[in-house]
Each structure stands twice: as structure tokens, then as C-alpha cells.
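Subject: Structure for you to look at

Hello,

Here is the structure I promised to pass on. Please open it first, then read my notes beside it.

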Amino acid sequence: MKPLRRSIFDRLPEILIEGVIRLCGVSAILLVFGIFFFVFREAYGLLPGGDFRLGHFLFDTHWNPASQSGPAYGTLALLAGTASVTLLSMAIAIPFGLGSAIYLSEFCVPYRRETLKVVIEILAAIPSVVWGFIGLMVMNPLIIAVTGAPIGLNILNGGLLLALMSIPIIASLGEDALKAVPDSYREAGLALGASRWQLVYRVLLPAARPGLLAAVLLGLGRAVGETMAVLMATGHSVHVPTSVLDSVRTLTATIAAELGEASVGSHHYQLLFLVGIYLLAITSAFNLAADFLVRGRRRSSR
Amino acid sequence: MNCIEVDGLSLWYGDFQALRNVSVRIRERQITALIGPSGCGKSTLLRTFNRISQRDASVRVEGSIRILGEEIFSPEVSLIALRRAVGMVFQRPNPLPISIFENVAFGLRIHEPDAAVEAAVEEALTAVGLWEDLRFRLHSPATELALEQQQRLCIARLLPLKPEIILLDEPCSALDAKATLAIEELLGRLAAEYSIVIVTHSMAQARRVSAECFFMLLGEVVEHGPTEQLFTNPRDARTGDYIAGRFG
Ligand SMILES: Nc1ncnc2c1ncn2[C@@H]1O[C@H](COP(=O)(O)OP(=O)(O)OP(=O)(O)O)[C@@H](O)[C@H]1O
Ligand SMILES: [Mg+2]
């Protein structure tokens, strides 16, 4: 009879595999901390330096960190640039993205759904520099022709591009969220005589809310963090915008445009890293909020 | 009076014929049971009465069903009105992931947005015996209830619409014996006001609750009659074999 106890050699493969899996998990955490550490180290020089004022950094609208006479490092105008472009893009992407998610999951015949999903995936795979190019070469003259604005590199241009980049994310994740709603809910609604629209807004949207919220927030994350397209399409004027036809500069575009010119270790260089930390804090806050909302909703809908 | 009249009904899922030339008469204000072995087409027949089976794009039907005197396959019939008059309770309790109150109010909200909801919800929950237990937690999620309460709720949400007919597809198969008896007792009470058609796997249940009974086999209705007669004195040999437990 074989002994019931297993020898250490029988268990060796298991132990090994377990070890590898644990390493993968831990390395993800280490990487995140590594990134935080590195970015903080680069910006750290500012803090003990004495004349750095956080209030100025957060609430002043003048950004001119390379100036020899009197460097200004207020990021409010950059934040306004990021916020305005992001807001416009979300105002477009949320209705269109959720609309396509609903269409794909509830109203579309299967063969057409498969075709559309491929198209959406292609849309999601377009590199952002290509979007930037479209902004520069196609949208720019178009916006000038339609609105009569002197330049077409502005919030409208960047917002449209970011919307086009976020829609595929919102649409495909939103479709997953709707598809995950149990069919028994649809049957319950239909058997009570709900029309298809009533089914969507009274049954499916509430049931899929956590997933749809996550889809929207991931789309938002993409818009806030996007660099290349906004660098190319929003113009380069650092000021708080008053209309969608104003040119702006975003936090991300600032880092991308100036990091190459700033000499390593200089005041300017450190400031750009601080802007990076700022951006990181904003996106982390969004992600945490998303996590919190999604969990909270889940619990309350159980 | 008949509430449902089916003539020459055949139904195909793609190439597979699930119902074969079914003709039945179902009487109003009593409980009618559909029995038969697994896969004989009981659910399919029941789900055709409110046309929910036609959600599946591969389904094709032939023949006629008249409900309350109207041909339900006619293009003029509104599915929404049909389903309002013919409520359905499913095998697994499927309350919607909203509050208890909103589950019961759902029908009124979609059909009669101006109707007084509070009174109707109270009346429906009282009718199914849930009001006393739930009156102080109407706004908690319905999905947190015990299974028996969920199934009662699924019956209660039909009532504010005053349906003529209530269809139930094995409503007790997810419940324990005690809950099953409680639901059966509820159905007995509701039969005074509603016409009830219940699909069941359990011959004992059919015998306990129903006044008339249909026995189905391989997509056909083999026998139909008063429940007591069908169980004690079946005319068809296959019915006799089934109720004696020789197959199924
Ligand atoms: N959506 C479908 N597509 C294809 N075939 C189906 C579909 N639904 C049911 N069938 C087939 O139709 C036949 C009848 O199914 P139905 O669900 O009506 O049986 P039933 O009598 O309710 O069985 P059970 O007691 O197991 O619930 C079965 O052979 C089943 O496999
Ligand atoms: Mg069935």
C-alpha cells in the first residue's frame, strides 16, 4: 500500500509554483512603491530648500519655472487646463460610451455585435500620437473653418480627442458590466411588461451600476493621464481658460514638453517631478474613490 | 369560462420541436397543474402563454393561443398589455436588485406612473403574508430576503397590476418542505381571485394544489382532466405509468 503521507519531494512542484505566484504578487506591490520612491526622491530637493511655498505651487496661475529673474511655479492654470479638457471629454464620452455599451449588450443582433466589438477594439488600440496627429492635421483646420477661431489647437480639439480615446474603454467595459447582469433580472422585468427602454433604465442600469461606474472612472483615468494627444492638440498657452476655444496646457503636457529642457537636478527639474506627484495624487484619488464607490454599491445591493 | 385556449400549438427551438400540436383549455379562477418528466416541454408551454419564450430568436411557433378571448400571436396584440394581464413567477426567485418596496411597486411604476403606490404595495404584501414581517424594512434590498420570502415577493409584485392569470414555473423547487407548504397555501388563497397555472415536478404537489391537471410527454399533452380523476383513474396507459413512478 502506498503511504498516506506525502514526501517533501511530491510536494516540491507545488511549493515552487506557490513561490513563483507569491513573487509575482509581491513584485507588483514593490513596483508601485518603487515608482513612488523614485518620483519623490527626484522632487525631494525642493522641500528643505526654504523658499518653496506650497500655496504658490497649488494656487498661483503663473508657471515660468525656468526664469532666472523670478521663477514662478503656480500650477493652477495647468490644473485648469487638465480639468477643462477632461471635463469636456467626459461630457462627450460618458453618454456615447454608455450608449454604445447599452446598444451592444441589449439591442444589437449577435453578428453585428461581434463586428462592432472588433471595431471598438481597433479604436482602443490607436496610439495616442496618432490621435495627436489627427488633432493637428484634421481637427485643427476643421475647428478653424467651423468656429472661426484663430487657432484650432484648443480645449475643444483636445476634449474631442480624449473623448474618442475614452469611448472605447467605457463602451467595452460597460458592455461587460451589462452582460454580467443575470438574465433572470431581464426576464423578471420583461415578464412584468417592461418595454426594452424601461428594462434598461429601471433594471439593468441599477443592477450594473458598480461596473458601469468603474468603466466611466477608467475612461476618466485615461483622459486625465493622457499626454501625447493633448500635447499636440491643445496649444501651449498657460492660462485659466474662459471658453472651449481657448488654448490651454495640461499638467501632463507640461511635464512632457519641459522635462527634456530642464537640466537634471535643477530647480525646474525638481518642480516637474513635483507636478508628477501632484498628478499621481489626483489619479490615485480617483481610483480610490472608484474603488470605494464600487465596493459600497456592491455591499448595499446584496 | 376558459382563460386560456390553445389550438394546434407547435414550437421549435431551431430544428428541435419542443411542442407538438398542443391543444388545451385552461379554466379561470382555479389552479391548473402541468406535470410531466423533465424535458417534456412544460416550461416551454408555460413561457409561451406570455410569449417570453420568443425572446430566444431561434424560436418559431405555429398554431393559436387565445387569452381572455384574444389571439396573442396577432400582430395587433401588445406584448406589454399581454404581460400585464399574465404575470409570471420563475423557478429561482428573481427579485430585482432594488428595494423590497420598489420590487412591488415596479409594475405600477412602468404601467401607471401616476398610481398611488404605497397603498398598493401594502395590499400586495399583505396578500402574500409578508407585510407584518417586512413593513419596517421596506427599503432594504430585496435580494437579502430568505428564499421563501423572495418567492412570496415575486408573487406579490404581480398583484398591484391585477393580472388575470398567474403562471408559476416550479415555484417551490428552490424551497424547503415547510416553505413549499406555505407557498401552496398562499396559492390556494389566490385561486379565489386569479387563474393560476403551475408547472411542477412533484406529482404530490400537483395533487395537493390543483383542481385540473395536464400530463405532458415529449412535447405533447397526453391527458387532461380533473386532478383527482387523473391520479386515481388515468385514461392513458402512459399517464398511469408516470404517476405510478415507472418512468420520469
Ligand atoms: N432555449 C432552448 N434552446 C433549445 N432547446 C431548448 C431550449 N429550451 C428548452 N429546450 C429543449 O426543449 C425541451 C423542453 O424544454 P422545457 O424546458 O420546456 O422542459 P420542461 O418540461 O420544463 O423540463 P424541466 O422539468 O426539466 O424543467 C427540452 O428537450 C429542452 O432541451
Ligand atoms: Mg422547466
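Start with a pair of helices in chain A. Helix α3 (residues 76-107) of chain A and helix α4 (residues 110-125) of chain A have axes that come within 10 Å and cross at roughly 150°. An angle over 145 degrees counts as roughly antiparallel, so α3(A) is roughly antiparallel to α4(A). The crossing of α3(A) past α4(A) is left-handed. Keep in mind that this is a predicted model.

Which residues of α3(A) and α4(A) meet? From α3(A) come A:Tyr103, A:Leu104 and A:Ser105. From α4(A) come A:Arg112, A:Arg113, A:Leu116, A:Lys117 and A:Ile120. By class, the residues in this contact of α3(A) with α4(A) are four nonpolar, one polar and three charged.

Now go to chain B. Helix α3 (residues 100-111) of chain B packs with helix α4 (residues 117-127) of chain B at an angle of about 120°. Their axes are 9 Å apart. That angle makes α3(B) oblique to α4(B). The crossing of α3(B) and α4(B) is right-handed. On the α3(B) side, the contact uses B:Phe101, B:Val104, B:Ala105, B:Leu108 and B:Arg109. On the α4(B) side, look for B:Val117, B:Glu118, B:Ala120, B:Val121, B:Ala124 and B:Leu125. The contact of α3(B) with α4(B) has nine nonpolar residues, no polar ones and two charged ones.

Next, see where the two chains touch. In chain A, 21 residues are in contact with 24 residues of chain B. The size of an interface is often given as the accessible area lost when the parts come together. Between chain A and chain B, about 1,900 Å² is buried. Carbon and sulfur atoms give 62% of that area. Which residues of chain A lose the most area to chain B? They are A:Glu187, A:Leu192 and A:Arg202, together 33% of what that side buries.

Last, the salt bridges. Side chains of opposite charge can pair when their charged atoms come close. Over all chains, the structure has 25 salt bridges. Between chain A and chain B the count is three. A salt bridge joins the side chains of A:Glu187 and B:Arg55, at 3.6 Å from N to O. Within chain A, A:Arg22 forms a salt bridge with A:Glu18, with the closest N and O atoms 3.5 Å apart. Both A:Arg22 and A:Glu18 lie in helix α1 (residues 8-44) of chain A. They are four residues apart, about one turn of the helix.

Best wishes

Definitions and conventions:
Residues numbered from 1 in each chain as written. Chains lettered and ligands numbered in written order. Predicted model: local features only at pLDDT ≥ 70, side-chain atom pairs only at ≥ 80, totals over all residues. Heavy atoms only, no water. Axes fitted to C-alpha atoms, helices over the stretch in contact; angles between N-to-C directions. Helix = DSSP H or I, 4+ residues; strand = E, 2+ residues; numbered from the N terminus. Parallel < 35°, antiparallel > 145°, perpendicular 65-115°, else oblique. Left-handed = near helix turned anticlockwise from the far one by under 90°. Contact = heavy atoms within 4.5 Å. Nonpolar A, V, L, I, M, F, W, Y, C, P; charged D, E, K, R; others polar. Buried area = accessible area lost by both parts, 1.4 Å probe. Salt bridge = Lys/Arg side-chain N within 4 Å of Asp/Glu carboxyl O.
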